[in-house]
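User: I should like to learn how to read the features of a protein model. Could you guide me through one, step by step?

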Amino acid sequence: MKSKFDIFRQKVHIIIYGTNTVAGKAFDIVLLGLILLSVLMVMLETVDSVDERYHNVLLICEWVITVFFTIEYILRIISIKTPSKYIFSFYGIIDFIAILPMYLSFFFGGAQILSVVRALRLLRIFRILNLVHFTGQASELRLAIKTSRTKIIVFIYFVLVVCVLLGSLMYVIEGEVNGFTSIPVSIYWCIVTLTTVGYGDIHPVTPTGQVIASLIMILGYGIIAVPTGIVTAEFAQNRKKKGLFTLEKDYPCPNCGVDDHKQKADFCYNCGNKLEHE
């Protein structure tokens, strides 16, 4: 026979972790609303005119939300059989970090500003709204980045070498008179120019320097395109290896909407529903 605590823990688990019940959906909506409200209040607190007028109100609301998140965190731990799986999971760590800033403000002034990290908790929206398709696509993108990391590292190394060489060259051509006071400063300018940011705090004056700067700017557009192409190629290659449908031949599950099934699959891998092929 179940004890009262076991019954309580089971009910809490259904509400907190379940998304198919009315209470579970209501809890998730309230949770997302409080997260958005908390992040908004942290932003407003940095506006002097708002903070001077509503500082106490914002502080009280922040503490109320923090207490709610703390209780939620404790309930998440006690409502599952193996608490360590949640505590050391991605969401568990984020949830713990989200409640720390307000308590740290007792020891470090202004630490409550770090509460903006709660925005990471909004990632739960994919699970709450059952956006399985987006989660699957995110996994594929993560795999593509992982498989192409060696190529990207080599490319970044090449870019750094180019920046050192061109930055040093600009220091020799322009000199301290035109703002290129040292090689590190010149390399900084090269990186800023290469990434097409162009703050304008330093700029070449001599015709030769301007020609090199123009080449660096044009090179910057190509550099932006290379990592994108590498990841895109890996993304397409991974889909091909898995035997996934192309965009023109997707067969979404009529029940859950997932559309990245393997070729000739008869049932959805997510919910088990029968697929309808054309």
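Analyst: We may begin with the secondary structure. This is a predicted model, and the protein has ten helices and zero strands. Along the sequence the pattern is therefore α-α-α-α-α-α-α-α-α-α.

User: Which residues does the UniProt annotation "transmembrane region" cover?

Analyst: According to the unreviewed UniProt entry, that annotation covers residues 21-44, 56-75, 87-114, 152-173, 180-199 and 211-233. Two of these spans may be examined in the model. Residues 56-75 are 100% helix, with end C-alpha atoms 29 Å apart. Residues 180-199 are 60% helix and 0% strand, and the end C-alpha atoms of this span lie 14 Å apart.

User: What span should helix H5 have?

Analyst: One counts 1.5 Å a residue, so the 15 residues of H5 (residues 90-104) should span 21 Å. The end C-alpha atoms of H5 are 21 Å apart, which agrees.

User: Which residues of H5 are buried, and against which helices do they pack?

Analyst: A residue is buried when its relative accessible area is under 20%. In H5 the buried residues are Gly92, Ile94, Asp95, Ala98, Ile99, Pro101 and Met102. They pack against helix H3 (48-78) and helix H4 (83-87).

User: Is Thr66 buried or exposed?

Analyst: Thr66, which is in helix H3, is buried because its relative accessible area is 0%. Apart from neighbours within four places in sequence, Thr66 is in contact with Ile99, Met102, Tyr103 and Arg118.

User: How many of the protein's residues, as a percentage, count as buried?

Analyst: Of the 278 residues, 32% count as buried.

Terms used
Residues are numbered from 1 along each chain as its sequence is written. This is a predicted model: local features need pLDDT of at least 70, side-chain atom pairs count only at pLDDT 80 or more; totals for chains, interfaces and linings use all residues. Side-chain values use heavy atoms; hydrogens and water are left out. UniProt positions are given in the numbering used here, feature names are shortened, and annotations may be inferred rather than shown by experiment. Helices (H or I, at least four residues) and strands (E, at least two) are DSSP runs, numbered from the N terminus. The expected span of a helix is 1.5 Å times one less than its number of residues. Buried means under 20% relative accessible area, exposed over 50%, partly exposed in between (1.4 Å probe, protein chains only). Contact means heavy atoms within 4.5 Å.
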